[in-house]
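Hello,

Please read them with the model open.

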Amino acid sequence: MSEPRIHFDKVGSVAHIRFDNPQAFNALTSQMWLDMRDAARAAAADPDIRVVTFRGVGGKAFVSGTDITGFTKFTSGADGIAYESRIDDCMRALDEIPVTTIAVIDGWAVGGGLNIAAACDFRIATPDARFGSPIGRTLGNCLSPLTLARIGGAIGVSIAKRMVLLGEIIHAPELLATGFLLKVAERDALDGEVEAVCARAAENAPLTTRAVKEMLRRMSLDDLPEADEIVSEVYGSDDFRRGVEAFVARTKIVPEWSGR
(Lines give C-alpha, C1' and ligand atoms only; values in the text may rest on other atoms or scores of the structure.)
Protein backbone atom coordinates (compact mmCIF):
# COMPACT_ATOMS: atom_id res chain seq x y z
CA MET A 1 0.00 0.00 0.00
CA SER A 2 1.54 3.27 -1.13
CA GLU A 3 1.72 6.40 1.00
CA PRO A 4 -1.07 8.92 0.19
CA ARG A 5 0.46 11.77 -1.78
CA ILE A 6 0.14 14.44 -4.44
CA HIS A 7 2.08 14.19 -7.70
CA PHE A 8 3.10 17.36 -9.53
CA ASP A 9 4.52 17.00 -13.03
CA LYS A 10 5.11 19.39 -15.88
CA VAL A 11 5.07 18.42 -19.56
CA GLY A 12 5.79 21.37 -21.81
CA SER A 13 3.31 24.10 -20.95
CA VAL A 14 0.93 21.79 -19.07
CA ALA A 15 1.21 20.96 -15.36
CA HIS A 16 -0.46 17.83 -13.98
CA ILE A 17 -1.55 17.52 -10.34
CA ARG A 18 -2.65 14.00 -9.38
CA PHE A 19 -4.29 12.69 -6.23
CA ASP A 20 -2.79 9.37 -5.16
CA ASN A 21 -4.65 7.57 -2.38
CA PRO A 22 -6.59 4.92 -4.35
CA GLN A 23 -7.08 2.58 -1.41
CA ALA A 24 -9.31 5.31 0.09
CA PHE A 25 -10.82 6.44 -3.24
CA ASN A 26 -8.33 9.32 -3.23
CA ALA A 27 -9.66 10.87 -0.02
CA LEU A 28 -7.30 13.69 0.90
CA THR A 29 -5.30 13.52 4.11
CA SER A 30 -4.35 16.76 5.86
CA GLN A 31 -0.91 16.57 4.27
CA MET A 32 -2.38 15.97 0.81
CA TRP A 33 -4.50 19.12 1.14
CA LEU A 34 -1.37 21.12 1.96
CA ASP A 35 0.63 19.49 -0.83
CA MET A 36 -2.15 20.25 -3.32
CA ARG A 37 -2.09 23.88 -2.17
CA ASP A 38 1.68 24.05 -2.64
CA ALA A 39 1.50 22.40 -6.08
CA ALA A 40 -1.16 24.89 -7.17
CA ARG A 41 0.98 27.79 -6.00
CA ALA A 42 4.02 26.36 -7.81
CA ALA A 43 2.03 26.08 -11.02
CA ALA A 44 0.73 29.63 -10.62
CA ALA A 45 4.27 30.97 -10.17
CA ASP A 46 5.70 29.25 -13.27
CA PRO A 47 5.51 31.65 -16.25
CA ASP A 48 5.88 28.78 -18.72
CA ILE A 49 2.75 26.95 -17.60
CA ARG A 50 -0.45 27.63 -19.58
CA VAL A 51 -2.73 24.83 -18.34
CA VAL A 52 -3.08 22.81 -15.12
CA THR A 53 -4.95 19.50 -14.93
CA PHE A 54 -6.22 17.75 -11.81
CA ARG A 55 -6.85 14.01 -11.81
CA GLY A 56 -7.21 11.05 -9.45
CA VAL A 57 -5.06 7.91 -9.56
CA GLY A 58 -6.56 4.44 -9.91
CA GLY A 59 -9.55 4.98 -12.19
CA LYS A 60 -12.20 4.68 -9.45
CA ALA A 61 -12.28 8.19 -8.05
CA PHE A 62 -11.24 11.78 -8.68
CA VAL A 63 -11.35 12.69 -4.99
CA SER A 64 -13.85 11.19 -2.55
CA GLY A 65 -13.48 13.90 0.08
CA THR A 66 -11.39 14.33 3.21
CA ASP A 67 -9.89 11.55 5.30
CA ILE A 68 -12.60 11.40 7.96
CA THR A 69 -10.44 9.84 10.68
CA GLY A 70 -9.05 13.29 11.45
CA PHE A 71 -12.54 14.39 12.58
CA THR A 72 -12.46 11.92 15.47
CA LYS A 73 -10.05 14.28 17.24
CA PHE A 74 -12.43 17.25 17.15
CA THR A 75 -13.63 18.33 20.59
CA SER A 76 -15.44 21.60 19.92
CA GLY A 77 -16.88 23.91 17.29
CA ALA A 78 -13.54 25.75 17.22
CA ASP A 79 -11.99 22.67 15.62
CA GLY A 80 -14.55 22.92 12.83
CA ILE A 81 -13.81 26.60 12.25
CA ALA A 82 -10.07 25.86 12.06
CA TYR A 83 -10.67 22.95 9.67
CA GLU A 84 -12.86 24.93 7.27
CA SER A 85 -10.31 27.78 7.38
CA ARG A 86 -7.53 25.37 6.38
CA ILE A 87 -9.59 23.97 3.53
CA ASP A 88 -10.44 27.51 2.35
CA ASP A 89 -6.73 28.39 2.38
CA CYS A 90 -5.90 25.36 0.24
CA MET A 91 -8.78 25.97 -2.14
CA ARG A 92 -7.91 29.64 -2.63
CA ALA A 93 -4.64 28.45 -4.14
CA LEU A 94 -6.70 26.73 -6.86
CA ASP A 95 -8.99 29.74 -7.33
CA GLU A 96 -5.95 31.97 -7.86
CA ILE A 97 -4.21 29.87 -10.52
CA PRO A 98 -3.97 32.40 -13.38
CA VAL A 99 -4.05 29.83 -16.20
CA THR A 100 -6.73 27.46 -17.47
CA THR A 101 -7.52 24.60 -15.07
CA ILE A 102 -9.14 21.30 -16.03
CA ALA A 103 -10.53 18.57 -13.76
CA VAL A 104 -10.38 15.09 -15.29
CA ILE A 105 -12.94 12.93 -13.51
CA ASP A 106 -13.31 9.18 -13.74
CA GLY A 107 -15.31 7.77 -10.86
CA TRP A 108 -16.35 9.58 -7.69
CA ALA A 109 -16.06 13.36 -7.18
CA VAL A 110 -17.76 13.94 -3.86
CA GLY A 111 -17.25 16.23 -0.88
CA GLY A 112 -13.84 17.83 -1.30
CA GLY A 113 -13.66 16.30 -4.78
CA LEU A 114 -16.72 18.24 -5.86
CA ASN A 115 -15.17 21.39 -4.38
CA ILE A 116 -11.93 20.88 -6.33
CA ALA A 117 -13.78 20.11 -9.55
CA ALA A 118 -15.91 23.24 -9.09
CA ALA A 119 -12.75 25.35 -8.68
CA CYS A 120 -11.52 24.34 -12.13
CA ASP A 121 -12.46 26.21 -15.29
CA PHE A 122 -13.50 23.06 -17.15
CA ARG A 123 -14.42 19.49 -16.26
CA ILE A 124 -14.11 16.43 -18.49
CA ALA A 125 -15.57 13.18 -17.17
CA THR A 126 -16.28 9.57 -18.01
CA PRO A 127 -19.94 8.51 -18.35
CA ASP A 128 -19.83 6.71 -14.98
CA ALA A 129 -18.48 9.73 -13.06
CA ARG A 130 -20.63 10.66 -10.07
CA PHE A 131 -20.84 13.93 -8.16
CA GLY A 132 -22.27 14.96 -4.82
CA SER A 133 -21.86 16.29 -1.30
CA PRO A 134 -24.17 14.16 0.90
CA ILE A 135 -22.85 15.53 4.19
CA GLY A 136 -26.35 15.78 5.65
CA ARG A 137 -26.70 12.00 5.37
CA THR A 138 -23.21 11.06 6.50
CA LEU A 139 -21.28 13.38 8.82
CA GLY A 140 -23.77 16.08 9.68
CA ASN A 141 -21.21 18.85 9.16
CA CYS A 142 -21.46 21.95 6.98
CA LEU A 143 -19.59 23.93 4.33
CA SER A 144 -17.91 27.31 4.50
CA PRO A 145 -19.37 30.32 2.65
CA LEU A 146 -16.44 30.16 0.23
CA THR A 147 -17.11 26.51 -0.59
CA LEU A 148 -20.84 27.13 -1.04
CA ALA A 149 -20.18 30.11 -3.31
CA ARG A 150 -17.70 28.13 -5.40
CA ILE A 151 -19.89 25.05 -5.83
CA GLY A 152 -23.11 27.01 -6.27
CA GLY A 153 -21.49 29.27 -8.83
CA ALA A 154 -20.09 26.41 -10.88
CA ILE A 155 -22.90 23.89 -10.69
CA GLY A 156 -25.92 26.08 -10.01
CA VAL A 157 -27.72 26.63 -6.72
CA SER A 158 -30.62 24.30 -7.53
CA ILE A 159 -28.38 21.32 -8.21
CA ALA A 160 -26.15 22.19 -5.27
CA LYS A 161 -29.24 22.06 -3.04
CA ARG A 162 -30.14 18.62 -4.40
CA MET A 163 -26.65 17.42 -3.55
CA VAL A 164 -26.50 18.85 -0.02
CA LEU A 165 -30.10 19.07 1.18
CA LEU A 166 -31.32 15.82 -0.40
CA GLY A 167 -28.00 13.99 -0.49
CA GLU A 168 -28.38 13.16 -4.18
CA ILE A 169 -25.50 11.73 -6.19
CA ILE A 170 -25.77 13.07 -9.73
CA HIS A 171 -24.28 11.28 -12.73
CA ALA A 172 -22.20 12.77 -15.51
CA PRO A 173 -24.80 12.80 -18.34
CA GLU A 174 -27.13 15.09 -16.37
CA LEU A 175 -24.29 17.46 -15.50
CA LEU A 176 -23.17 17.56 -19.13
CA ALA A 177 -26.62 18.85 -20.04
CA THR A 178 -26.35 21.64 -17.44
CA GLY A 179 -22.96 22.84 -18.72
CA PHE A 180 -21.07 21.92 -15.54
CA LEU A 181 -19.17 19.34 -17.58
CA LEU A 182 -17.45 20.44 -20.78
CA LYS A 183 -17.30 16.92 -22.19
CA VAL A 184 -18.15 13.33 -21.33
CA ALA A 185 -15.81 10.79 -22.91
CA GLU A 186 -15.39 7.03 -22.71
CA ARG A 187 -12.29 5.92 -20.83
CA ASP A 188 -10.39 4.94 -23.97
CA ALA A 189 -11.01 8.39 -25.46
CA LEU A 190 -10.55 10.42 -22.28
CA ASP A 191 -6.85 11.20 -22.63
CA GLY A 192 -7.30 12.38 -26.20
CA GLU A 193 -10.14 14.72 -25.24
CA VAL A 194 -8.08 16.15 -22.38
CA GLU A 195 -5.05 16.70 -24.61
CA ALA A 196 -7.16 18.49 -27.20
CA VAL A 197 -8.64 20.90 -24.66
CA CYS A 198 -5.22 21.51 -23.11
CA ALA A 199 -3.76 22.32 -26.51
CA ARG A 200 -6.55 24.76 -27.33
CA ALA A 201 -6.36 26.47 -23.94
CA ALA A 202 -2.57 26.79 -24.20
CA GLU A 203 -2.96 28.79 -27.41
CA ASN A 204 -4.97 31.52 -25.67
CA ALA A 205 -3.29 34.83 -24.88
CA PRO A 206 -2.05 34.36 -21.29
CA LEU A 207 -2.90 37.91 -20.19
CA THR A 208 -6.44 37.48 -21.50
CA THR A 209 -6.82 34.27 -19.54
CA ARG A 210 -5.32 35.82 -16.40
CA ALA A 211 -7.52 38.91 -16.57
CA VAL A 212 -10.78 37.05 -17.17
CA LYS A 213 -10.09 34.51 -14.44
CA GLU A 214 -9.20 37.16 -11.87
CA MET A 215 -12.23 39.31 -12.64
CA LEU A 216 -14.55 36.31 -12.39
CA ARG A 217 -12.92 35.24 -9.12
CA ARG A 218 -13.43 38.68 -7.60
CA MET A 219 -17.03 38.82 -8.79
CA SER A 220 -17.99 35.42 -7.38
CA LEU A 221 -15.72 34.72 -4.40
CA ASP A 222 -14.77 38.07 -2.82
CA ASP A 223 -16.67 39.84 -0.02
CA LEU A 224 -18.38 36.72 1.32
CA PRO A 225 -20.15 36.82 4.71
CA GLU A 226 -18.54 35.64 7.93
CA ALA A 227 -20.22 32.53 9.31
CA ASP A 228 -17.96 31.25 12.09
CA GLU A 229 -20.84 31.04 14.55
CA ILE A 230 -22.80 28.82 12.16
CA VAL A 231 -19.81 26.55 11.48
CA SER A 232 -19.04 26.33 15.19
CA GLU A 233 -22.60 25.33 16.07
CA VAL A 234 -22.56 22.48 13.55
CA TYR A 235 -19.08 21.10 14.25
CA GLY A 236 -19.61 21.37 18.00
CA SER A 237 -22.89 19.44 17.93
CA ASP A 238 -23.78 15.99 19.19
CA ASP A 239 -25.06 15.23 15.70
CA PHE A 240 -21.64 15.81 14.15
CA ARG A 241 -19.94 13.55 16.69
CA ARG A 242 -22.58 10.89 16.05
CA GLY A 243 -22.12 11.20 12.28
CA VAL A 244 -18.35 10.82 12.49
CA GLU A 245 -18.67 7.78 14.76
CA ALA A 246 -21.11 6.12 12.36
CA PHE A 247 -18.95 6.91 9.33
CA VAL A 248 -15.75 5.57 10.89
CA ALA A 249 -17.63 2.44 12.00
CA ARG A 250 -18.70 2.03 8.35
CA THR A 251 -22.38 1.71 9.14
CA LYS A 252 -24.63 2.36 6.16
CA ILE A 253 -27.55 3.62 8.23
CA VAL A 254 -28.27 7.36 8.25
CA PRO A 255 -27.86 8.53 11.88
CA GLU A 256 -30.93 9.64 13.81
CA TRP A 257 -30.22 13.36 13.92
CA SER A 258 -31.33 15.22 17.04
CA GLY A 259 -30.68 18.78 15.86
CA ARG A 260 -28.40 19.34 18.87
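The largest pocket holds about 1400 Å³ of space. A pocket here is an open set of points on a 1 Å grid over the protein atoms alone, where a 1.4 Å probe fits and protein lies on both sides within 12 Å along at least five of seven lines; lining residues have an atom within 4 Å of a point. Grid points are joined across faces, edges and corners, and the volume is the space filled by probe spheres set on the points.

This is a predicted model, in which local features need pLDDT of at least 70 and side-chain atom pairs count only at pLDDT 80 or more, while totals for chains, interfaces and linings use all residues. Residues are numbered from 1 along each chain as its sequence is written, and side-chain values use heavy atoms, with hydrogens and water left out.

The lining of the largest pocket has 46 residues, and Ser 64, Ile 68, Val 110, Thr 138 and Phe 247 lie nearest its centre. Two or more lining residues come from each of α2 (77-95), β6 (108-110), α3 (112-119) and α10 (238-248); α10 gives the most, with four. Helices (H or I, at least four residues) and strands (E, at least two) are DSSP runs numbered from the N terminus. By class, this lining has 24 nonpolar, 17 polar and five charged residues (nonpolar: Ala, Val, Leu, Ile, Met, Phe, Trp, Tyr, Cys and Pro; charged: Asp, Glu, Lys and Arg; polar: the others, Gly among them).

The second largest pocket has a volume of about 660 Å³. It is lined by 25 residues, with Ala 119, Cys 120, Asp 121, Lys 213 and Leu 216 closest to its centre. α8 supplies the largest share of this lining, seven residues. The lining of the second largest pocket divides into 13 nonpolar, five polar and seven charged residues.

Helix α9 (residues 228-235) has Val 231, Val 234 and Tyr 235 as its buried residues (buried is under 20% relative accessible area, exposed over 50%, partly exposed in between, with a 1.4 Å probe and protein chains only). These fall within an arc of 90 degrees seen down the axis of α9, so they line one face of the helix; the arc is that of the directions from the helix axis to the C-beta atoms. Glu 229 and Glu 233 are exposed on the face turned away from the buried side of α9.

Finally, six strands form an open sheet of mixed pairing, in the order β1-β2-β3-β5-β7-β10 (two strands pair if DSSP finds at least two bridges between them). Its edge strands are β1 (5-11) and β10 (183-184).

Regards
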